[in-house]
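I open this notebook to record what I looked up in the structure.

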Amino acid sequence: MRKEILITGLGGQGIVLAGQVLGLAACLADHLEASFTQSYGPEARGGACSAQLIISDAKIHYPYVRNADILVCMSQSGYEKYRNMLKHEGTLIVDQDMVRSVESVSGDVFPVPATRMAEELGRKMMANIVMLGFVTSVTEAVSLEGMLSSVADSVPKGTEKTNLAAFNKGYDLGRAMLKARTKKAAAKHESKEQG
Amino acid sequence: MNDDLKIVLFLCNWSPHAAYQTLQDSLAPLPVEIRMIRIPCSGRITKSLLFKAFETGADGVVLLGCEAGACRYGIGTRVAQRNIDDTRGILNLLGLGEQRLGFESFNPDQHQELLAYLTAFRNRIGELGKTPVVAAGRAEVSLSARSADEISRAHNVYVCQDCGKCSSACPLALTGKQFSPRAIANAAAAGDLDSPAIREDIWSCLTCGLCYDRCPSAVSFPDFIKDMRCATPANAKMNAHEGFFHSLMRAMTSPGLPVRHWEGLPSDIQTDPESKILFFGGCAPYFDTFFKNHLGISTSETLFDALRLMNFFDIRPSILQNERCCGHDLLWSGDRENFIRLARLNVEMISDMGVEELVTACPECYRAFSRDYPENGIKTGFKVSHIFELAEAEIGKGAVGFKKLNRKITFQDPCRLSRTEEGVQLPRNLLKRLKVADFTEMRDHGASSLCCGNCAWTGCDSYSKAMQVNRLKQARQTGANLLVTACPKCRIHLTCAMEDPFLENEIRMEMMDLTSLLAKTIEWE
């Protein structure tokens, strides 16, 4: 098993933290190898920034993402800059309110209202955690238990409960979306057979 | 030995009685188990009279009338046939079996045939055996000054400031009925137990709770009324439908009754006997059977749609074939003893199934299980949820949408939900998710919404009807063409009001339960 994950967004959205949480869960809970590189610098003042993560059950010899299995975009500029990194049939996950135009790709695309959901929960800055919940449920790159403990350990003290609620919200949405897709595919298949 | 069998024979005074008399005169061997009651016409024996015999322990009941064309009053035999059909339906649901109810017509000269029929009926009942119904009856009580004082104290009646906000909000009083919650509270506080306010009016109250909502002293009037009814001798003349439903509920307290509540379950619905989630249906199948000829109502659809909605979310709940009434209406019409019997029976059966969560689509079942059971010392040990709570939680997870429905809707709140903040909000959150052409509230809505006119099958009169007409006019004024309800009783009562031949065009409206509306339009996005 080897997964290359690229998370992009704006400085301040918690992109780096999101990558770190994923990596910690993979290493500490799932006992996998993980490497994590972050790009910051001028991006920290706004503009595209990214977190690059490789999770593997074998040793990782090169730490940069070259062909992302999973690309998570939380801003339009992040999407524009990194969309070519997504490999053929890779999974694209975007914040649907932040990334307005998405060109068709060969793999699965998941639009997620992560920022809106975080706002509904009371804190816009939790959008990254909502997104992590979603990534956990649709990609199976890391385990749910690992992510729950990793999120609880990584967020500021006293905010564990709200952050876990945000995580679960994203996780539930992911499950619901997968279910919706299978159900719709089954219904389509059925109507095709009947027709 | 079947000597202790009890068979009640309702015998029409005309043709069959003449035949019966011939048998008596010739000392024919009439079965000794048969107890004959002479009646003016078979059409006068209502469903409630037929069923009352079973409630009080009859093993079999026979109704004998004249040939359809020979009825002295024209329509008696036809009416009798309808009543028999409906009552047989109820007997089947209860697992008593329709064979226990005989119906036949005889001409005056058919005494041999009559003897053969009665003997065969006795033998049939002998084969079926004793009825599993144990006559429960309502305990004899009389209201003492002490019990009235205790009840008044428990529900803060003594802190009444006599301001009259209750009476000015009471929907019954506003309809013009000589009824005042304030006068009842005053009479109780003064210990005037013989006043009509206590003897009569406590049976008219709708227990809708609007007065409690408005009371500045928090006099818990509905609970006061409930306890007063339990402490007062029954007032049979206030029973709607001649007490049929009270009889039905009391009959259901018999543990040995092999109830077949879910017999009509459509085959597309998936259930799982191992599931830790139980769907509790409520009395809808009985309502549909009882009102079949009168209103042609189908409240069972709500139960099926609730199950379909759960199936949509991949929840396959268990169901309880031997399900009994929750007992809400027994408690609220003053029969606490039998309410507790029903409650114990339900909780015992449900606990035996290892259920962790009970889901219901009926606001009265919801209230009974979540509040009335614990308040009467019955611990449930499982979580009680309304189907709306479950739906809201599941839909909240996302990826679910609703098909467009080109209807303008308005909403009738059920009293047993709408007197709490969550109960007002819960259906509205769901209503706002629907993709309908328009949703407009009625003038009185939410916490101020009006009762559908009746509660606990008690005290239906012309004022109830007037209330229902007012309510339906409010609904029509919103410009809606679909009235969304959330309680089977609201649908029954409002449908009944729509039968008014003079006002029909002003008040008729299509109705649909919110559960059905959700189940019919929900889709994966």
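Entry 1, surroundings of one leucine. I listed the contacts of A:Leu132, leaving out residues up to four places away in sequence. A:Leu132 touches A:Ala18, A:Val21 and A:Leu22, and also A:Met147, A:Val151, A:Phe167 and A:Gly170. I note that this is a predicted model.

I then asked which residues touch the most other members of the largest nonpolar core. That core holds 210 residues, and A:Leu132 is one of those with the most contacts to other members, together with A:Val130, A:Met131, A:Phe134 and B:Leu63.

For chain A I read a mean pLDDT of 90, with 96% of its residues at 70 or more. Among the elements of chain A, strand 4 (residues 68-73) has the highest mean pLDDT, 95. The lowest, 89, belongs to helix 6 (residues 160-194) of chain A.

I found 6 residues of chain B in contact with 8 residues of chain A. On the chain B side, 3 of the residues are nonpolar, 1 is polar and 2 are charged.

I recorded domain 1 (7-128), domain 2 (145-236), domain 3 (252-392) and domain 4 (394-524) in chain B. Taken over C-alpha atoms, the centres of domain 1 and domain 3 of chain B are 34 Å apart. Their contact takes 9 residues from domain 1 of chain B and 11 residues from domain 3 of chain B. On the domain 1 side, helix 3 (residues 76-94) of chain B supplies the largest share, 7 residues. I classed that side of domain 1 of chain B as 3 nonpolar, 3 polar and 3 charged residues.

Conventions. Residues are numbered from 1 along each chain as its sequence is written. Chains are lettered from A and ligands numbered from 1 in the order in which they are written. This is a predicted model: local features need pLDDT of at least 70, side-chain atom pairs count only at pLDDT 80 or more; totals for chains, interfaces and linings use all residues. A nonpolar core is a set of buried Ala, Val, Leu, Ile, Met, Phe, Trp, Tyr and Cys residues joined through C-beta atoms within 7 Å. A residue is buried if 20 or more other C-beta atoms lie within 10 Å of its own, exposed if 12 or fewer, and partly exposed in between; C-beta atoms are placed from the backbone. Two residues are in contact if their C-beta atoms, placed from the backbone, lie within 7 Å. pLDDT is the predictor's confidence in each residue, from 0 to 100. Helices (H or I, at least four residues) and strands (E, at least two) are DSSP runs, numbered from the N terminus. Ala, Val, Leu, Ile, Met, Phe, Trp, Tyr, Cys and Pro count as nonpolar, Asp, Glu, Lys and Arg as charged, and the others, Gly among them, as polar. Domain bounds come from an automatic or database domain assignment.
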